[in-house]
Amino acid sequence: MIQYASIILFVIGIYGLFVSKNVIKMIVSLNIMEIGLNIFIISIGFVGGGAIAPIISSTQDLGLIFVDPLPQALVLTAIVIGVGTTALALAFAKTIYKTYNTFELDEMEESA
Amino acid sequence: MASVELLILFLVGAGVIAYILTRFNTFLGSIFTIFAVMFVFVSLAGYGFGMNMDTTVNILPGISFTETYLGFYFAIIIVFVYLMVSFFHPYYLSEYKYKNSYNLLFLLSLAGILGAFYTDNFLNLFFFFELIIWTTMFLIPQGKSKEAAVSYFGFSIAGSVAMLIGIFITYNVSGTFSIYQGLAALSGTNAIFVFVLFIIAAFAKLGSFPLHIWLPIAHGNAPHPFSPVLSGALVKLGAFIGVLALIRIAPATGLFTAMDLPIGQYVVAILGSMSIVFGTLMAIKEDDAKKLLAYSSMSHGGYILVAFSILNGIAFAGGFYHILAHALASAGAFMAIAAVARATGTTKMKELGGMIHKMPITYLAYLIAIISMAGIPPMGGFISKWLIFQAVIDKGMIFVGIAVFFGSVGSFLYVFRPLAALFLGQELTEYKKVKEAPLLMLIPTFILMGLNVYTGVFPGGILKFINNIIVELGYTGIEVSTYEINGTNGILNPALIGLIFAVGSGIAFLIFIVLKKSRKVELMDTYTAANFVHDEHLLHYAVDFYAPLERLYEKQSNWMTKFYTALAEKVRELGKLGKYLFMSKNISTTVFWIVAIIIFLLWGEVL
Amino acid sequence: MRKLFGLLITIALGVMIILALDKTSAFPKFGEVNLQERISNQYLTEENVEMVGSANIVTAIVVGYRGFDTLGEVTVLFISALGVAFIFGGTKQQRLDLKFKPNFMLRVGSNVLLGIILVTSIYIILHGHLTPGGGFPGGAIIASAVLLLYLADDKFRSNVKGFKLIEGIAGSIFVVVGLLGLVFATAFLENFLPVGTVGQLLSAGIIPIIYVLIGLKVGSEIAGVVDNFLTEEESA
Amino acid sequence: MNAVLLIVIPLLAAFISIVSKKIAPYLLLVVGLFNIVLLFFLENGLVFIGGFDVAMNSDLLGISLLLDTYARMALWLINGLILVIFCLNFKSYKAFSSILLLAMAGLNGLLLTNDLFNFFVFLEISGIAAYLITSANKKPVSTFRYLVIGAIGSSLFLFGVVVLYAMYGTLNMIVMIQAIQASGNYAEVILPFTLMFIGLGVEAKLLPFNAWVKGVLGHSNTLTGPMIAGVYAAAMSFVLGRFITNLFVFEGSLLIVVTVLLALGILAGDVMAFSSTKTREILLFSSIAQASIVALLFVNGVIIWAVYLIIANALSKTVMFLVINKATKDVGSDESEALRGLFVNNKLVGLTFTLVTLSVMGLPLLAGFVIKLNFLTQLAGIGQIVLIAIILVASVIEGIYFVRLIVKLWYPGESEISVKYNYSFKAVFIVIALALLVFGTYSTPLTKLDNTIDTVMEVVNNG
Amino acid sequence: MTFFEIISLVIGILLLVIAFMAINSKKLINSVLFLSALSMLAVVAFVLMKAPDVAITEAVIGSGLVTALFVFTLLSLKRRESE
């Protein structure tokens with residue numbers, strides 16, 4: 001269920017990019033996409049039926065069932081990368097606002 | 001020098017030297033160019049006729065040569081035209097913006113020509129063709145119009161590209177790039193494709209209908225000494241491809257026949273005759289002397305195509321002879337006009353007149369050239385047209401026959417017009433100080449005059465050589481003796497005709513000398529219904545020369561140009577559409593494409 | 001209209017993706033993953049865990065096995081911090097006027113809170129190989145402490161130069177540690193320290209060291225970004 | 001010596017450079033040279049990174065880099081070009097040196113890495129560096145558009161990678177290739193491959209994912225133009241080539257769609273260039289067409305000539321954008337009418353520009369011709385006549401607009417314009433034009449190298 | 001239905017609804033706040049799927065910092081408008 005939701009979330013992010021003309025909304029949409037993607041990545045590593053997080057207290061725990069740790073490592077990286085992109089995008093948004101005094105892409109006169 | 005490879009390298013080296021020399025002294029560089037071309041011509045003439053050229057390749061990578069009568073015939077004609085034209089360089093180059101590179105590119109293109117006609121490999125052929133195209137393409141904008149280069153390049157490159165696609169189809173079928181093996185290996189549908197593509201290439205380079213509109217633009221606007229090269233030499237590249245396509249791939253297209261001809265050849269013959277008709281009609285109404293000759297080139301290209309599409313020895317002989325005759329004639333005519341243009345600065349007939357008094361030798365050269373063009377004995381053009389007529393009549397091709405005769409009659413009309421407008425008639429006041437062309441420029445003029453007459457009076461030797469080519473192509477040659485040519489409908493004795501003409505002209509000349517001279521009057525010295533004439537140009541009789549004739553097809557005259565302009569416009573609109581579809585400022589557009597493509601791909605998988 | 005169309009095709013896309021994934025037999029159903037078929041299984045074997053010495057397997061992967069990714073990730077953050085500063089321009093800047101005046105209580109309170117936050121962040125970073133957390137959240141928490149200072153005091157400007165210095169030095173040491181791996185062991189970022197016992201604070205070889213560096217670097221980078229967002233050009 | 005240094009040293013330099021701004025430009029120079037020299041000493045093969053005891057461990061747990069001849073050629077080109085472009089802009093764009101260092105690290109990482117997720121990380125690094133480089137255009141909206149489209153692309157790419165991981169349980173490219181080939185069910189990988197192809201296509205300027213190009217390159221300057229159209233385009237083409245030849249299996253509908261898209265890209269690129277009057281737009285649309293040709297060649301397995309095409313294009317586009325962007329800056333307009341007669345007083349620059357353009361058009365005596373003829377021959381060998389026809393028809397259009405442009409630039413209009421090029425610019429132009437000329441007339445070395453380019457699988461099979 | 005399934009269903013639906021609202025809300029600040037809420041929901045989802053590391057990071061960075069950056073950007077805009 002969460003997996004399906006994450007895919008739809010990703011797609012909603014794409015939808016947001018499709019319909020919005022506002023710079024901030026676009027960045028929000030990008031973030032929604034990223035969140036959806038992150039949940040999707042975690043979901044492909046999820047093991048049902050009482051698996052535990054991949055953190056052990058000692059080597060004796062290794063007999064238990066764990067969820068896949070690798071996707072979690074990937075998501076950690078992906079989140080931080082997402083922040084980097086968002087920060088940069090916001091910085092550009094601020095510059096755009098400074099230049100054109102609007103966030104609406106339609107109202108800017110810059111040629112493509 | 002008998003080695004083709006060394007000749008090519010020599011030309012490249014000479015080009016560089018010419019560039020440096022021209023940089024310091026235009027005249028010196030041009031003289032050097034003349035000698036370089038002359039050296040090549042002499043080498044070619046010395047060894048080539050006996051098929052004694054050395055075709056081994058030691059230095060140039062990936063290139064191989066072979067010697068054929070066909071290639072040599074084209075090569076010697078074109079090198080000759082180059083040689084003739086190079087005599088004009090010393091007097092023209094100094095006006096050009098980038099004169100240094102003119103000689104360099106001129107010699108480079110000649111190197112390309114040698115390579116193109118001696119290679120036995122399709123890729124080499126394409127290489128040399130492209131080399132010729134871009135080197136010459138940079139020469140054209142030195143003249144009047146900058147856009148002319150684009151037009152010339154566009155059509156030429158389209159032709160080469162069509163040829164290249166054909167080459168790759170051949171390669172795909174036969175696995176070889178060898179010209180003769182490759183073409184021989186073609187059959188069935190592939191052969192038809194290659195045939196069509198090669199014919200497109202031939203038409204584009206020859207400037208035949210419907211790919212002709214670059215001819216007047218390029219010829220008319222090219223630098224004056226370059227127009228003869230374009231018309232007399234470079235256009236013949238198309239004829240070369242035409243020969244390859246029409247004769248080498250011939251058997252394969254024999255699926256359907258019409259008039260005993262494979263349908264492909266028949267269509268080419270029809271298109272060729274349309275070329276003749278359109279070229280003639282357009283030439284008649286053209287005011288610019290160079291453009292007029294360009295249209296005449298188009299119509300003569302039609303003759304060549306018609307000749308080669310009728311698959312028999314006589315027609316081939318006519319075609320090959322016509323290549324020579326037209327090269328000589330059009331070079332002569334263009335060079336005459338170039339000389340006039342140098343003296344007066346214009347090629348518009350309305351603005352010229354009475355040049356015969358100032359430039360009698362040039363006049364004579366032009367006269368002889370146009371007689372040849374019109375196919376009147378005793379010039380070369382007559383022989384070739386006679387042969388082509390024979391072949392066409394034998395085949396019973398009615399429409400083609402009509403076109404061929406129409407072209408001949410039309411030639412009288414249009415070549416006479418510049419003769420009258422440029423050289424005859426009243427002398428215009430602004431050209432009082434004009435002088436005959438300098439001696440160096442008269443040398444090629446005399447040579448061309450002589451050759452035009454020679455080809456008309458003693459065609460035997462040349463036709464015998466042409467027989468070699470025809471045999472090489474797998475057909476039987478024509479019967480020819482020193483003084484007589486045997487056609488199917490009769491025997492032609494050009495020497496006799498030449499003699500009669502010589503006697504006739506002699507008598508006429510005597511009468512001209514003996515009888516009283518006509519009185520010279522000023523142009524303004526006229527009486528027109530009590531009106532004083534202010535503008536002498538309106539009195540010029542080149543104005544509305546063929547007015548009634550022109551009115552017949554005035555409206556239809558530039559529909560092909562319109563078609564290509566519209567085509568370019570359509571491409572441009574397509575580009576705008578592309579920008580709208582793909583290069584939108586909206587991110588939504590990109591998102592849409594991404595989503596659409598994924599959906600499209602998954603559609604097939606999921607459902 | 002446009003919105004409806006957009007919604008339709010995007011939802012169609014989502015459904016298509018879901019259907020395609022469902023149809024793909026190699027793609028495991030949600031929750032039915034068989035770790036035996038994956039490379040991750042090997043991260044969980046006893047010998048490997050003992051060799052790494054990190055109780056938190058995710059940390060072992062993030063910093064140990066895939067430390068290169070983490071270096072890249074830090075670099076992404078670094079370059080975006082650099083970029084933000086670059087875009088806003090290096091000219092003299094002043095604080096953004098936030099339109100609310102922080103009172104005395106807030107200022108004192110925030111100072112107290114600052115201590116707690118910093119201690120928490122240090123704990124999180126140092127226990128990255130034992131418990132959830134680690135350099136990234138820890139660094140972010142350090143940055144949030146700085147953020148708190150900014151919000152509590154409308155005149156506050158942190159020492160941006162200092163952040164830059166920490167950023168650069170921490171990053172350089174990260175790389176140098178990696179290079180030391182190349183020197184003392186065989187591969188870049190390979191562990192060259194004793195790993196200790198799984199589950200103890202001083203274990204897992206270079207992992208805590210790297211996590212500290214990451215924490216410092218992330219903290220200073222994000223703090224730099226925050227500073228950039230909370231300032232503007234003087235003349236404006 | 002270890003291939004990881006190619007990535008790490010620029011990173012280290014970037015970290016150091018932020019501490020002291022003054023040494024940053026010099027660091028870039030040193031590091032660039034170091035990388036180029038280092039490449040001579042590195043051996044081909046896999047390089048493992050991270051992990052704990054590489055010898056004991058199965059090496060697939062960590063990340064590995066793969067250096068082969070393909071990557072080596074790409075790295076030389078890219079590091080060299082970055083160095084040259086930076087040297088030319090040394091005075092005006094000093095502030096960009098840290099970003100260029102990071103771009104260098106990112107692009108080197110892209111070309112070397114053998115791990116799909118690691119690839120994504122480097123895609124982001126180089127992507128962000130590219131956004132920052134394009135910010136030099138002072139057109140924030142265009143850059144923002146680039147950023148958003150790039151972010152979508154890399155998200156899609158990551159999505160594809162993750163789906164592949166879920167299916168095959170690995171991120172290592174080589175293992176992944178083997179697993180996919182072993183499973184043999186190509187219908188199942190359509191979704192991840194499509195997503196990854198689109199993700200890469202965004203950066204590689206493939207139609208229709210390239211709407212950002214117009215805004216970014218249409219306003220480029222002497223730094224951004226060559227960097228994006230030369231360096232980044234080359235790197236992304238190389239990367240795309242690696243993925244297409246090694247990982248992606250294009251079959252059935254996917255092959256058709258990809259081929260159609262690329263063919264459309266070639267035609268549309270040239271047609272759009274034909275309809276443009278702005279010089280920079282002409283160049284950028286032509287580079288879209290070229291990128292599509294390269295990708296099409298990789299799809300059809302013509303690797304070596306595609307590599308040469310990438311190299312030739314990168315060099316040519318660098319020169320062309322440098323010439324045009326400098327002129328645009330001085331004249332104040334990039335309309336081809338406004339630049340009429342640019343070469344009247346800059347004959348040398350004009351000559352090199354002309355030669356380079358002729359090479360792009362694929363006319364003889366220049367490298368472009370040799371490359372074009374060879375790849376067309378190979379395409380003909382596998383019977384792709386339709387593709388040949390498409391490429392050639394596009395090249396007719398390309399030829400026409402380039403000739404139109406060249407003629408305009410050589411012959412002056414009403415007003416004279418004066419643009420001064422530095423000696424350093426001229427030197428670079430001459431070297432590149434000469435290189436194209438030399439390889440165009442003496443192509444034996446190119447054909448000889450043919451056999452030494454190997455694919456990932458061959459490297460693996462040979463140990 | 002197990003507890004896990006119910007929770008995940010609820011979270012899934014909430015995720016979609018909030019995402020939709022984030023995109024369709026008129027005011028930008030609401031949009032940002034919805035994004036923050038979405039991020040918090042994602043944290044819950046991460047915890048549910050046994051990813052505490054990711055959950056902490058997402059909570060601090062995704063939900064906290066990103067929202068802060070958005071808000072700061074909007075704040076500077078507000079100030080400018082008032083001038």
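## Chain E: architecture and dimensions

Chain E contains three helices and zero strands, where helices are DSSP runs of H or I with at least four residues and strands are runs of E with at least two, numbered from the N terminus. Along the sequence, the pattern of chain E reads α-α-α. With a radius of gyration of 15 Å, well over the 12 Å that the globule rule gives for 83 residues, chain E is more spread out than a compact globule. That radius is taken over C-alpha atoms, and the globule rule is 2.2 Å times the number of residues to the power 0.38. Taken along the principal axes, the C-alpha atoms of chain E fill a box of roughly 55 × 25 × 10 Å.

Of the 83 residues of chain E, 53% count as buried. A residue is buried if 20 or more other C-beta atoms lie within 10 Å of its own, exposed if 12 or fewer, and partly exposed in between, with C-beta atoms placed from the backbone. Among contacts in chain E between residues at least 6 apart in sequence, 40% join residues at least 24 apart; two residues are in contact if their C-beta atoms, placed from the backbone, lie within 7 Å.

## Basis and confidence of the model

This is a predicted model, in which local features need pLDDT of at least 70 and side-chain atom pairs count only at pLDDT 80 or more, while totals for chains, interfaces and linings use all residues. Residues are numbered from 1 along each chain as its sequence is written, and chains are lettered from A and ligands numbered from 1 in the order in which they are written.

For the complex, the predictor gives an ipTM of 0.90 and a pTM of 0.90. The average pLDDT of chain E is 84, and 92% of its residues score at least 70; pLDDT is the predictor's confidence in each residue, from 0 to 100.

Chain B has 25 helices and five strands. Buried residues account for 57% of its 607 residues. Among contacts in chain B between residues at least 6 apart in sequence, 79% join residues at least 24 apart.

Three strands of chain B form an open sheet in the order β3-β4-β5, with antiparallel pairing; two strands pair if DSSP finds at least two bridges between them. Strands β3 (479-480) and β5 (491-492) of chain B stand at the edges with a single partner strand each, so one side of each is left without a neighbour in the sheet. Two bridges join β3(B) to β4(B), residues 485-486. Within this pairing, B:E479 stands opposite B:N486 of β4(B).

## Contacts between chains

The contact between chains D and C takes 44 residues from chain D and 46 residues from chain C. On the chain D side, the elements giving two or more residues are α1 (5-19), β1 (45-49), α4 (97-112), α5 (116-134) and α6 (140-168). Of these, α5(D) gives the most, with nine residues. By class, this side of chain D has 29 nonpolar, twelve polar and three charged residues. Here Ala, Val, Leu, Ile, Met, Phe, Trp, Tyr, Cys and Pro count as nonpolar, Asp, Glu, Lys and Arg as charged, and the others, Gly among them, as polar.

Chain E does not touch chain B, their nearest C-alpha atoms being 14 Å apart. Chain E does not touch chain D either, and their nearest C-alpha atoms are 15 Å apart.
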